[in-house]
Amino acid sequence: MTRRSFDELVSLMSTLRAPGGCPWDREQTLADLKPFVIEEAYEVVDAIDREDSEALREEVGDMLLEAVFVAEIARENGSFDVYDAVTAVHDKLVRRHPHVFADVEAKDAEAVLVNWEKLKNEERARESKSLLSGVPVSLPALLKATRLTEKAARVGFDWETPQDVVEKMEEELEELKAAIRSDNRAEIENELGDLFFTLANIARKLKVNSEEALQATNRKFIRRFQAVEAGLRSAGKTFEEATLAEMDAFWNEEKDREKE
């Protein structure tokens, strides 16, 4: 296989967008590319979760393509080109790693993160930006809750222990129960949001990736529900014909198999 360079990819995208290039590529806008950028990032994560190195190689390439595509449109708009983006991230990495490129000490990964946040805060202060301004608005809600509170925690705005957050969760759960009893839809939504937010903080305090934990539970649900479907098929029944107890029995059989 002929190995290609980054410059060749940039040139190829320029050709696809040029007159006489690909009609589909030529009509894309930055707004059009947003779902593709998100999708490719998730596919990279999926390949990592499956420990599929071949798929990961392909998905990293696809994600890189989206970055080059975005930068090409920006170049055409007179905003910046992909090499400006490379320069920006290169210089940022050097600036935020003074423990590597200057005389700052960082004994462990936690010290690196604290120093990184300190440097980011100094940059934001010069630009009069909020500490939380670096968290993308469009992040999935669970991940965003984690990122917001990670940033706040790095400047000391945090619960002291995981148990403190568990107590907060119990408080939020009682408030949700009260909202349910009152049948106030707005309050129910508000209290559910507070409970989800607190659960994300429990995961953060326990150093558990909340997104991965929920994805694992999603996979578990899919696996067990598919076992219910298979069990009903083997029994010659449809969902409409089966009782909840019968479905639960197939679910629990799969659960027991997993434990074994």
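Here are a few questions and answers about aromatic pairs, a surface patch and one cysteine in this predicted model.

Me: How many aromatic pairs are there by the ring-centre rule?
Reply: Rings pair up if their centres lie within 6.5 Å. By that rule, the count comes to five.

Me: Are the rings of F6 and Y83 stacked or edge-to-face?
Reply: F6 sits in helix α1 and Y83 in helix α5, 77 residues apart, so to speak of the pair is to link distant parts of the chain. The ring centres are 6.1 Å apart and the planes meet at 90°. Planes over 60 degrees apart fall in one class, so this pair is edge-to-face.

Me: Is F6 buried, partly exposed or exposed?
Reply: Buried needs under 20% relative accessible area and exposed needs over 50%. F6 comes in at 29%, so the label is partly exposed.

Me: What kind of pair do F225 and F239 form?
Reply: F225 lies in helix α11 and F239 in the loop between α11 and α12, so the pair ties together parts 14 residues apart in sequence. Their centres are 5.6 Å apart, with 10° between the planes. Planes under 30 degrees apart settle it: the pair is stacked.

Me: Which residues do ring pairs link into a cluster?
Reply: F225 and F239 already form a pair. Ring pairs make a cluster out of F221, F225, F239 and W251.

Me: What is the area of the nonpolar surface patch made by F221, I222, F225 and F239?
Reply: F225 is partly exposed at 33% relative accessibility, and F239 is partly exposed at 33% too. Together with F221 and I222 they make a patch of about 360 Å².

Me: Where is C22 found?
Reply: C22 counts as partly exposed, at 25% relative accessibility. Its C-alpha atom is separated by 26 Å from that of V86. C22 is in the loop between α1 and α2.

Note on methods
Residues are numbered from 1 along each chain as its sequence is written. This is a predicted model: local features need pLDDT of at least 70, side-chain atom pairs count only at pLDDT 80 or more; totals for chains, interfaces and linings use all residues. Side-chain values use heavy atoms; hydrogens and water are left out. Helices (H or I, at least four residues) and strands (E, at least two) are DSSP runs, numbered from the N terminus. Buried means under 20% relative accessible area, exposed over 50%, partly exposed in between (1.4 Å probe, protein chains only). Patches are made of residues with over 30% relative accessible area and no salt bridge: like charges are joined within 9 Å, nonpolar side chains (Val, Leu, Ile, Met, Phe, Trp, Tyr) within 5 Å. Accessible areas come from the Shrake-Rupley method with a 1.4 Å probe; for residues, only the protein chains shown count as cover. A salt bridge is a side-chain nitrogen of Lys or Arg within 4 Å of a carboxyl oxygen of Asp or Glu. Rings of Phe, Tyr and Trp (its six-membered ring) pair if their centres lie within 6.5 Å; planes under 30 degrees apart count as stacked, over 60 as edge-to-face and the rest as tilted.
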